Amino acid sequence: MAFFLYLTTIVVGVLSALLYAPVKREATIFGLFRPLNSWQNVHGIENRAIPDTIACEDLHYHEPSELLFSACTGDIEKAAGWFPGAGSLDHPEKPGFGTLVVIDPKTMESRKLKLVDFSSPAFVTHGISLYSPPSDLKTVYIFAVNHLPNPLWSSTSSKEPKAASRIELFVHTIGSDTAKHIRSILHPLIKTPNDLLALSEKEFLVTNDHYYRDGLMRLVEDIVHRPWTDLLYVSVDGNDKVTATISLSSIGGNNGLGWGPNRQVLVSDATGGTLYFTEFEGEQNKSLSVTHSIPADGVVDNPSFFSDPYAGLDGKDYSGYLLPGIGRPVDFPLNYNDPTGQAPLSSLVWYLPASAGKKEGESRKTQPKLVFSDDGSSLRGATTAVIVAIDPATNGGKREGWLFVTGVIAPHMLATKIDFATALL
């Protein structure tokens, strides 16, 4: 008996040592060490709420037009009741009908686009991506996820999934108030689409963020981070034939997508708290390979890269990566479903300098810096962050910019002005 107790003690001690680091990291990512009652807000110089930007999950900066584009559900109650991206599947009978929104980062005004030739019964928005042909930068192709309820599902037909998610393609001309629907894109491999990355007007990348759509195994999937999800390359030919192949399947929890410099593709494992840096394996080969990854002490949702347009004016280049996410995912399952939108959801946004994107063996900085933190009072649950620089010539020579942060279940988008030297160095 003594020997058995001795052996048990050794085994428990060894297992505790082996499991301590990963369990502690998981607890950190889920916010267990960040109690809301002692939350430390980190904001910029001033905050501005962007009007008419309700429940906007994704955001992209269109550099040629200097405008921001988003897709917003527009209704907190409907987003809380039906949004497969968050595992909220209770009310397929009441899906939202969102729209595409354009934001002017200089005036902070938003403008909803009228959707032309779009006969869908619902538009439950999630990730989007933009593409402008090099020869026509005023034309913007907008790919957008649409989480439609599945008309074949019923409470007695459990074999059918509740959602019939697909990708919508619109085209917009800068300066107009419309976006014309071109086609809906469906494929059996597109199951749980989250984010998109447009390669042209006829091809894109899309992440499937979960293997399990709901239930206990979806929660298990968020915790164990096994490579059960995938990232697809999808193309549409001249006859509207849709082809899809798996581009990357080695990452657990494929989630957000973004462009880095030199066609680097950013992929996040949201609840794994990790940003993966990937590259295409060839000009014609649309498979991706991971070059390296960097962890953050929180969820990494939709990553983006800020290319400093005024780099060198003062001898500094503030280009870098933004890693936004929910501050306390432990609160998310319950608070997301609050139809009033009052239950708090905290936010974190991390920054990595451009050197973080360099491959193994090259000099780089790998410690994310916290640039924004909110307890839910100014922004409800960050999902995307984008920096738009302010021209120093119009700003007294000061190197500042607006950090725009969106939330999938937030009543508005937030812009906070940041001093680059203070916030990013």
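Is Glu 168 buried or exposed? Glu 168 is buried, with a relative accessible area of 0%. Keep in mind that this is a predicted model.

Let me start with the charges. Glu 168 has a salt-bridge partner, Arg 166, and their side chains meet at 2.6 Å, N to O. Arg 166 is buried too, at 15% relative accessible area, because the cut-off for buried is under 20%. A search of the whole structure gives 11 salt bridges. I'll go through a few.

Next, Arg 183 and Asp 240. Their side chains form a salt bridge at 2.8 Å, N to O. Arg 183 sits in strand E10, residues 178-185, while Asp 240 sits in the loop between strand E13 (230-236) and strand E14 (242-248), so this pair ties together parts that are 57 residues apart in sequence. Asp 240 is partly exposed, at 47% relative accessibility.

Now Asp 314 and Arg 399. Here the closest N and O atoms of the salt bridge are 3.4 Å apart. Both residues are in loops: Asp 314 between strands E19 (304-306) and E20 (320-326), Arg 399 between strands E23 (384-389) and E24 (400-406). The pair therefore links parts that are 85 residues apart in sequence. Asp 314 is partly exposed, with a relative accessible area of 34%. Arg 399 is buried, at 8%. There is also a network: salt bridges with shared partners join Glu 46, Arg 48 and Lys 417.

On to the strands. E19 and E20 come back here. They belong to an open sheet of 4 strands, in the order E19-E20-E21-E22, with antiparallel pairing. Which strands stand at the edges? E19 and strand E22 (369-374) do; each has a single partner strand, so one side of each lacks a neighbour in the sheet. From one strand to the next, the twist averages 25°. Inside the sheet, E20 and strand E21 (residues 347-353) run antiparallel, joined by 7 bridges.

Now strand E11, residues 193-200. Why call E11 largely enclosed by the rest of the structure? Because 8 of its 8 residues are buried. E11 pairs with strand E12 (residues 203-208) in the antiparallel sense, over 5 bridges. The two are joined as a hairpin through 2 residues. Ala 198 stands opposite Phe 204 in E12.

The largest pocket has a volume of about 1,400 Å³. Its lining counts 47 residues, and the closest to its centre are Tyr 61, His 62, Glu 63, Pro 64 and Phe 305. Elements giving two or more residues to this lining are strands E2 (56-62), E7 (125-131), E11, E15 (254-259), E19 and E23. So E11, the strand with 8 of 8 residues buried, is also among the elements lining this pocket. By class, the lining has 25 nonpolar, 13 polar and 9 charged residues.

The second largest pocket has a volume of about 760 Å³. It is lined by 36 residues; Gly 85, Ala 86, Arg 218, Asp 222 and Phe 332 lie nearest its centre. Helix H3 (216-224), E15 and helix H4 (332-336) each give two or more residues to the lining. The classes here are 14 nonpolar, 13 polar and 9 charged.

Methods: Residues numbered from 1 in each chain as written. Predicted model: local features only at pLDDT ≥ 70, side-chain atom pairs only at ≥ 80, totals over all residues. Heavy atoms only, no water. Salt bridge = Lys/Arg side-chain N within 4 Å of Asp/Glu carboxyl O. Buried < 20%, exposed > 50% of the residue type's maximum accessible area, 1.4 Å probe, protein only. Pairing = 2+ DSSP bridges. Axes fitted to C-alpha atoms, helices over the stretch in contact; angles between N-to-C directions. 1 Å grid on protein atoms, 1.4 Å probe; cavity = no way out; pocket = protein on both sides within 12 Å on 5 of 7 lines; lining within 4 Å. Points joined across faces, edges and corners; volume = space filled by probe spheres on them. Nonpolar A, V, L, I, M, F, W, Y, C, P; charged D, E, K, R; others polar.
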